[in-house]
Amino acid sequence: MTTTTASAPPAVAAPATGPAGRPYRRNRFRRLRLVSAVLITAVMAFPLYWMLLTAFSRRDDLYAPGLHLWPQHFTWDNFSAPIERFPVWTWFRNSLVIAVAVTAITVVCNLLAGYAFAKFRFRGKNILFLVLLSTMMIPVQAIMVPQFRIATDLGLYGDLWAVILPESAAVFGIFLARQFFLGIPDELIEAARIDGAGALRVFWSVVLPLAKPLIAVSVLLAFMNEWNSFSWPLIVLFANEQLFTMPLGLVTDLQSQYTSDYGAIMAITLLSVTPILVLFVAFQRYFVQGLARTGLK
Amino acid sequence: MPAAAGLAAAPAPRRRARRSIGDALTAGGFLLPNLVLSGVFLVLPLILTVVISFQKLDSLGPAQWLGVNNFLDLFRDPTFYETLWNTVVFTVCTVPLGMAVGLGIALLLNTVMPLRTLWRAVIFVPLVLSSVSVGLLGAWMFDQYNGFVNKFLAVLGIDGPDWQSNGTWAMVSVILMTLWQRIGLDMIIYLAGLQGVDPAVLEAAEVDGASSWRRFRSIVFPLLGPSTFFLLIMNLLFSFQVFDTVYAMTAGGPNFSTTTLVVYAYQQGFSDHGPGQLGYAAAIGVVIFAVSLLLTAGQWRLSTTRDEVG
C-alpha cells in the first residue's frame with residue numbers, strides 16, 4: 001500500500017493519441033492541473049504558516065486592525081514569556097518520557113502478539129484477534145471512570161506511570177505486525193526450529209532481523225500517537241501541573257490563562273509540534289505507510 | 001491453512017497433536033504481555049463501565065445501586081439529545097465532505113505532474129499534528145475579532161461571522177479545522193486504492209469513447225470500493241468520537257452548541273466545572289460504546305475482506 005513511490009500514470013495522463021488539436025488541449029489541462037495542485041497545497045499549508053507567523057510576531061501587530069501576511073516585527077517574546085511563567089520544559093520532558101516509554105512497551109507487546117497471530121495455530125485465534133482489534137475502537141471517554149479507578153487502585157495516580165501503563169494497552173500495532181509476519185515464509189521458521197532453536201530464539205534472531213521496516217513504522221506511529229495524546233492525560237494528570245504533557249499544558253494552563261495572547265499559545269504549540277514535524281520530514285515514507293495501513297488518525 | 005508444504009513434509013499425526021499443544025502454549029506466552037495490558041486497562045474497565053452505569057457514584061462517597069435510573073435520566077436529559085444531535089451534525093458534515101475532497105485531490109495528484117510527491121506530503125502534514133494543536137490553531141484563526149479568517153473576509157468587504165458567540169458558526173469552524181486535518185488521510189488511502197486501477201482498462205474505455213466522467217463513474221469509483229468502505233468506517237468512528245479538537249478549540253461552547261457526546265461524557269464525569277457524576281458519565285459511556293460497537297461490526301467485516309485482499 002505504499003503510495004509515495006512513483007506509480008504508473010493512468011491513461012488520463014498518457015500522451016494524447018486522439019484527433020488533431022488534442023495535444024494542445026491536453027497540455028492546457030496539464031497546466032490547469034498543476035495550478036490546482038499548487039493552489040490546494042497552498043491552502044493546506046497556510047494554517048501552519050499562520051502558526052509560524054503568529055509565533056514570531058509582536059502582540060501589537062497581531063491585535064492591530066488590518067491583514068498582514070508577513071511578519072512586521074520579529075520577536076522571541078512569545079516563547080520566552082510563557083516559558084518563564086510555566087514549566088514548559090518540564091511538560092516537554094514529560095511528553096518525551098511518556099511517549100518513549102509507551103512506544104517501547106507497545107511495540108514490544110504488539111510485535112510479539114502479531115507474530116503469535118500470524119505464525120501459531122491455537123483455538124479461538126480469530127475471535128481473540130477480533131476482540132483485540134475492537135478494543136481499538138473504544139474511545140477513552142467511554143471507559144474513563146473505571147480506568148481512572150484502576151489506575152488509582154494500582155497506586156499510579158500522581159505519577160507518569162498513570163499515563164504510561166494504560167496507554168500502552170494500544171493494539172493498533174498488532175494488525176500491522178500480523179500482516180507483516182504473514183509474509184515471512186513458514187519454511188524459514190521451520191528450518192530454524194529443526195536446527196533446535198526455541199520459539200523466542202527464532203523470533204529474535206531469524207524473524208526480527210527481517211522486520212526492520214515493520215519496527216520502524218510501528219515505532220514512529222506509536223511515538224506520534226502518544227506524543228499527540230490528550231484525552232487520558234487530561235483525565236489522570238489534571239491535578240498536577242508538574243506532570244503535564246505538552247498538549248495538556250497548552251490547553252489547561254496557556255489557553256485558560258492567556259486566552260487573548262495567541263502569540264504565546266501559537267509559539268508553544270509550534271514547540272509542541274516540532275518533534276513530530278522533524279520526524280515526518282525525515283521518515284515520511286514510514287508515516288504514510290503506517291497511517292495508510294492502520295487508518296490511525 | 002496447510003502451509004509449510006515442500007521442505008517440511010506433513011509430520012506424523014501424534015507429533016502434530018503434540019506440536020499444536022506446544023504451539024498454543026508458546027502463542028500464549030507471546031500474547032501474554034498484550035493480554036495483561038489490554039485486559040487490565042481496556043476490557044476490565046469496559047465491563048466495570050456497564051456496572052457503574054447502574055450506580056449513583058460521584059467523586060465523594062460510596063456507590064449506590066440505582067438500577068436503570070441513570071439511563072432513564074439520560075433519555076430525559078435534553079442536553080443529551082442536544083449533544084447527540086451535535087455529534088450527528090458533525091459526523092454528517094465531516095465524513096462525506098472529507099472523503100469527497102480527499103478523493104478529488106487523490107485523482108488530481110495521481111496524474112503526472114512536477115513535484116507531485118511534495119504536494120502530497122504537504123497535504124498530508126496536518127494528519128501528523130496533534131488534534132489539540134489543530135484545535136488551538138483553529139481557535140486563533142477563527143477568532144472573531146483578530147483571527148485570520150475574519151480579517152481576510154474584511155479585506156474582501158465581508159463582515160465575518162461571530163465564530164465564538166454564534167453556536168452554528170462555531171460548529172462550522174470546528175468542522176472546517178477537522179476537515180483540514182483529515183483530508184490527508186482520505187487522500188492517501190484513495191491514492192493507494194488508485195494503484196489498483198489498471199491504466200490499460202481506462203485506455204480501452206477511452207478508445208471506446210467513454211468520457212472522463214463516465215470512466216470515473218463506471219470504472220475507477222467501483223474499483224475504489226474497498227478504500228471507500230475502509231475510509232467510511234474509520235471516518236465515522238473518528239467523527240463520532242471527536243474530542244481533542246473540540247475541547248481545545250471551543251471547549252464545547254458557546255453553551256452546548258459544539259458539545260459532542262464524548263465531550264459531554266467528559267464534562268459530566270471529570271470537568272472541574274462539571275458535577276462529577278461518575279455513574280451518569282459511565283451511562284453516557286455505555287451509549288458511546290454501543291454506537292462504536294455498531295461501527296466496529298463494520299470494521300470486523302472489513303478486516304476479513306482486507307485479509308483476502310492483502
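Predicted model: local features only at pLDDT ≥ 70, side-chain atom pairs only at ≥ 80, totals over all residues.

Q: How many residues of chain A are in contact with chain B?

A: 86 residues of chain A, against 98 residues of chain B.

Q: Which helix gives the most on the chain A side?

A: Helix H1 of chain A, residues 22-55, with 13 residues. Helices here are DSSP runs of H or I, at least four residues, and strands are runs of E, at least two, numbered from the N terminus.

Q: And how do the residues on that side of chain A divide into nonpolar, polar and charged?

A: 60 nonpolar, 20 polar and six charged. Ala, Val, Leu, Ile, Met, Phe, Trp, Tyr, Cys and Pro count as nonpolar; Asp, Glu, Lys and Arg as charged; the others, Gly among them, as polar.

Q: Switching topic. Which domains is chain A divided into?

A: Domain 1 (14-79) and domain 2 (87-294). The bounds come from an automatic or database domain assignment. Over C-alpha atoms, the two domain centres in chain A are separated by 34 Å.

Q: Which residues touch the most other members of the largest nonpolar core?

A: A:Tyr115, A:Ala116, A:Ile265, B:Ala106 and B:Ile188, in a core of 171 residues. Such a core is a set of buried Ala, Val, Leu, Ile, Met, Phe, Trp, Tyr and Cys residues joined through C-beta atoms within 7 Å. Buried needs 20 or more other C-beta atoms within 10 Å of a residue's own; exposed is 12 or fewer, partly exposed in between, with C-beta atoms placed from the backbone.

Q: What is A:Ile265 in contact with, leaving aside neighbours within four places in sequence?

A: A:Leu250, A:Leu254, A:Gln255, A:Tyr258, B:Leu136 and B:Trp140.

Q: How much of chain B counts as buried?

A: 43% of its 310 residues. Chain B has 13 helices and two strands.

Q: Last one. What is the mean pLDDT of chain A?

A: 85, and 90% of its residues reach 70 or more. pLDDT is the predictor's confidence in each residue, from 0 to 100. Over residues 1-23 of chain A, pLDDT stays under 50.

How values were computed
Residues numbered from 1 in each chain as written. Chains lettered and ligands numbered in written order. Contact = placed C-beta atoms within 7 Å.
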